[in-house]
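This briefing is meant for a reader who is meeting the structure for the first time. Please look over the sequence and the model before reading on.

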Amino acid sequence: MRPVEAVDDETELVRSLYPALHRFAAVVCPPERDANDLVQDALERALRKGPLVDLDAPLAYLRRSIVNLAANERRGLGRLRRATPRLARAEVSTPSYPSDVAELLQLGPMERAALWLSDIEGLPSATVAEILGCQPEAARARTSRARKRLRALFDQEEIQP
């Protein structure tokens, strides 16, 4: 059994990280999934491996877990949509978002994560790469491609009446 101080430290750590994790999850999760559920799944998986206070960079570790879970969820939802096309169109309503958010949701979770981490949080490429599980050059390239794709989506929207 862990000492009470260790449990208190871990509880405080989760409380301090949760708002940043929730904001990040809201950006990378599929629209059909609740960001809170994604954060809780990431926390559950991390806690099964051991105490969070033992991690060198718990925020980066949990962000990476959230990106992986979101990517898995997106793949699973895609398979479900392909397997049941008529059911998906008839019974499942896609949430309606303002146009800018709709374009952002057309990017994959890794692309949204790269944009969020570099452009919103201002993290350096090395840190973004660590969270995304790639080399810094790959993180810069992924962020650049995501920006270009988002610009193209915005330009496409302006052209269409």
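What does the accessible surface of the protein chain come to, and what percentage of it belongs to carbon and sulfur atoms? In this predicted model, the accessible surface of the protein chain comes to about 9,900 Å², and 53% of that area belongs to carbon and sulfur atoms. The protein chain has 161 residues, of which 34% count as buried.

**Overall fold**

- The protein chain contains eight helices and zero strands, so that reading along the sequence gives the pattern α-α-α-α-α-α-α-α.
- Among the contacts that join residues at least 6 apart in sequence, 68% are between residues at least 24 apart.

**Nonpolar cores**

- The largest nonpolar core has 31 residues, and those with the most contacts inside it are Phe24, Val28, Leu38, Leu62, Ile66 and Leu132.
- Two or more residues of this core come from each of helix 1 (4-28), helix 2 (35-49), helix 3 (58-83), helix 6 (109-120) and helix 7, and helix 1 gives the most, with seven residues.
- Valine 28, when residues up to four places away in sequence are not counted, touches Leu38, Ile66, Ala70, Pro109, Arg112 and Ala113.
- There is also a second, separate core of five residues, which includes Leu107, Leu115, Ala146 and Leu153.

**Helix 7 and the residue after it**

- In helix 7, which spans residues 125-132, the buried residues are Val128, Ala129, Ile131 and Leu132.
- An α-helix has 3.6 residues a turn, so residues three or four places apart point the same way.
- Helix 7 is followed by glycine 133, whose phi is positive, near 75°.

- Arginine 63 lies in helix 3 and counts as buried because its relative accessibility is 4%, where the cut-off for buried is under 20%.
- The side chain of arginine 63 makes a polar contact with the side chain of glutamate 121 at 2.3 Å.
- Apart from neighbours within four places in sequence, arginine 63 is in contact with Leu21, Phe24, Leu117, Glu121, Leu123 and Ile131.
- Arginine 147 is placed in helix 8 (residues 136-159) and counts as partly exposed, because its relative accessibility of 31% falls between the cut-offs of 20% and 50%.
- The side chain of arginine 147 makes a polar contact with the side chain of aspartate 119 at 2.5 Å, and, leaving aside neighbours within four places in sequence, arginine 147 is in contact with Leu115, Ser118 and Asp119.
- Although arginine 147 and leucine 107 are 40 residues apart along the chain, their C-alpha atoms are separated by 9.8 Å.

**Cysteines**

- A search of the whole structure finds zero disulfides.
- Cysteine 29 is buried, with a relative accessible area of 5%, whereas cysteine 134, at 23% relative accessibility, counts as partly exposed.

Methods:
Residues are numbered from 1 along each chain as its sequence is written. This is a predicted model: local features need pLDDT of at least 70, side-chain atom pairs count only at pLDDT 80 or more; totals for chains, interfaces and linings use all residues. Side-chain values use heavy atoms; hydrogens and water are left out. Buried means under 20% relative accessible area, exposed over 50%, partly exposed in between (1.4 Å probe, protein chains only). Helices (H or I, at least four residues) and strands (E, at least two) are DSSP runs, numbered from the N terminus. A nonpolar core is a set of buried Ala, Val, Leu, Ile, Met, Phe, Trp, Tyr and Cys residues joined through side-chain atoms within 4.5 Å. Contact means heavy atoms within 4.5 Å. Accessible areas come from the Shrake-Rupley method with a 1.4 Å probe; for residues, only the protein chains shown count as cover. A polar contact is a pair of N or O atoms within 3.5 Å; within protein, one must be able to donate a hydrogen and the other to accept it, and residues adjacent in sequence count only if both atoms are side-chain atoms. A disulfide is a pair of cysteine sulfur atoms within 2.5 Å.
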